[in-house]
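Here is a short briefing on a structure.

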There are 2 protein chains.
Amino acid sequence: MKSSADRLAWSLQQCIAKKMRMTGARKRILRFLSESRQPVNLEQMGRARGIKGTCDNATLWRTMMSLEEFGIVRRVSLKSKMAHFALATPDEHHDYLVCQDCGTVADLPHTHALDALQEEISKTKGFTFEKHEVEIYGTCPDCQPAKR
Amino acid sequence: MKSSADRLAWSLQQCIAKKMRMTGARKRILRFLSESRQPVNLEQMGRARGIKGTCDNATLWRTMMSLEEFGIVRRVSLKSKMAHFALATPDEHHDYLVCQDCGTVADLPHTHALDALQEEISKTKGFTFEKHEVEIYGTCPDCQPAKR
DNA sequence: GTACCTGCAAAACCTTTGCAGCATC
DNA sequence: GATGCTGCAAAGGTTTTGCAGGTAC
């Protein structure tokens with residue numbers, strides 16, 4: 001797992017490489033995304049310390065659209081009404097385990113079983129997974145009825 | 001794979017069990033869902049032969065909400081702006097393979113690799129998968145650049 | 001007859017766009 | 001100084017709700 005500082009540095013560097021202007025709003029947004037270990041939605045971003053009151057909603061959106069277009073963030077669905085975003089740093093997991101009851105999102109670490117699954121899908125379906133994304137919905141430990 | 005008739009019979013039976021009133025609109029909706037092998041959205045449902053002109057959008061929505069609440073249909077995210085729904089018949093796959101380029105949805109048949117993945121997640125994360133759902137995003141054969 | 005369902009209409013909500021002014025390069 | 005970014009405001013599209021009337025049980 002990369003540090004927030006590493007993630008921030010990576011995203012800033014990407015923006016420069018893509019010739020995006022480094023404005024105050026963008027720095028604040030990238031800082032927040034770097035520190036967010038789970039996908040966040042616009043409302044969370046708008047309320048965040050360091051962003052609140054400094055950035056219009058339209059700007060937030062347009063910024064996220066640009067960042068997504070350049071591959072710096074990913075849009076994650078998560079069965080939510082609102083769009084969620086997460087930094088698209090390389091060499092980090094981008095797969096999610098979502099509780100169908102409470103909506104908690106957990107990381108889905110890369111495992112051998114996942115590789116095997118993708119390989120099997122590639123063989124049978126012809127799909128490729130360069131920029132794959134997996135969302136698995138189940139029931140988290142906290143939401144499982146206490147059986148005994 | 002169950003026949004459409006089987007799927008329809010199951011859904012009708014579920015509605016009866018849940019004491020939902022069997023109105024004309026609901027029968028038409030269930031028929032359409034039974035015949036749909038891919039998740040469908042409200043717009044598709046509203047345009048479908050057998051539904052078009054006979055059912056208000058608000059009714060469609062409220063019906064889907066009821067059906068979802070009773071576990072008769074599932075809401076599927078599919079990274080689409082619009083909500084998609086699919087019949088939640090037992091003993092059928094409810095996993096999807098989505099193309100990140102064209103949005104095509106393919107079935108993800110149950111494989112041993114998927115079982116292995118879930119087992120591994122259960123062990124390491126404590127998630128259970130009674131009503132699991134998996135969405136995997138990759139690139140379908142048609143959208144892969146022709147390499148040679 | 002009662003409880004639930006439906007259509008119509010309008011509201012609520014998230015997302016998108018236009019435009020004039022401003023900041024970055 | 002030119003280009004791209006921002007805020008404000010308003011439009012667009014999907015989802016949600018209220019209410020009066022109708023339908024299944």
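**Cavities, cysteines and interfaces**

The lining of the second largest cavity takes at least three residues from each of domain 1 (1-90) and domain 2 (93-148) of chain A; the domain bounds come from an automatic or database domain assignment. This is a predicted model: local features need pLDDT of at least 70, side-chain atom pairs count only at pLDDT 80 or more, and totals for chains, interfaces and linings use all residues, while side-chain values use heavy atoms, with hydrogens and water left out. Residues are numbered from 1 along each chain as its sequence is written, and chains are lettered from A and ligands numbered from 1 in the order in which they are written.

**Cavities**

- Rolling a probe the size of a water molecule over the atoms shows where empty space is left.
- The structure holds two cavities of 30 Å³ or more (a cavity is a set of points, on a 1 Å grid over the protein atoms alone, where a 1.4 Å probe fits but cannot get out; lining residues have an atom within 4 Å of a point).
- The largest cavity has about 140 Å³ of space (a volume is the space filled by probe spheres set on the points, with grid points joined across faces, edges and corners).
- Its lining has 14 residues, and B:Arg7, B:Ser36, B:Arg37, B:His93 and B:Tyr96 are the closest to the centre.
- Five nonpolar, five polar and four charged residues make up the lining of the largest cavity (Ala, Val, Leu, Ile, Met, Phe, Trp, Tyr, Cys and Pro count as nonpolar, Asp, Glu, Lys and Arg as charged, and the others, Gly among them, as polar).
- The largest cavity lies between domain 1 (1-90) and domain 2 (93-148) of chain B, because both give residues to its lining.
- The second largest cavity has about 110 Å³ of space.
- A:Arg7, A:Ser36, A:Arg37, A:His93 and A:Tyr96 lie nearest the centre of the second largest cavity, out of 14 lining residues.
- The lining of the second largest cavity has five nonpolar, five polar and four charged residues.

**Cysteines**

- Over all chains, the search finds zero disulfides (pairs of cysteine sulfur atoms within 2.5 Å).
- The cysteine sulfur closest to that of A:Cys140 is in A:Cys99, at 3.6 Å, too far for a bond.
- B:Cys143 is in no disulfide either; the sulfur of B:Cys102 is the nearest, 3.6 Å away.
- A:Cys140 is buried, at 5% relative accessible area, whereas B:Cys143 is partly exposed, at 24% (buried is under 20%, exposed over 50%, partly exposed in between, with a 1.4 Å probe and protein chains only).

**Chain A against chain B**

- Contact joins 39 residues of chain A and 40 residues of chain B (heavy atoms within 4.5 Å).
- The two chains bury about 3100 Å² between them, 61% of it on carbon and sulfur atoms (the accessible area, 1.4 Å probe, that two parts lose on being put together, summed over both).
- In chain A, A:Leu117, A:Lys125 and A:Phe127 lose the most area to chain B, together 18% of what that side buries.

**Domains of chain A**

- The centres of domain 1 and domain 2 of chain A are 24 Å apart, taken over C-alpha atoms.
- Their contact takes 14 residues from domain 1 and eleven residues from domain 2.
- About 950 Å² is buried between these domains of chain A, and carbon and sulfur atoms give 50% of that area.
- A:Gln38, A:Arg74 and A:Leu78 supply 50% of the area that domain 1 buries against domain 2, more than any other three residues.

Conventions
1 Å grid on protein atoms, 1.4 Å probe; cavity = no way out; pocket = protein on both sides within 12 Å on 5 of 7 lines; lining within 4 Å.
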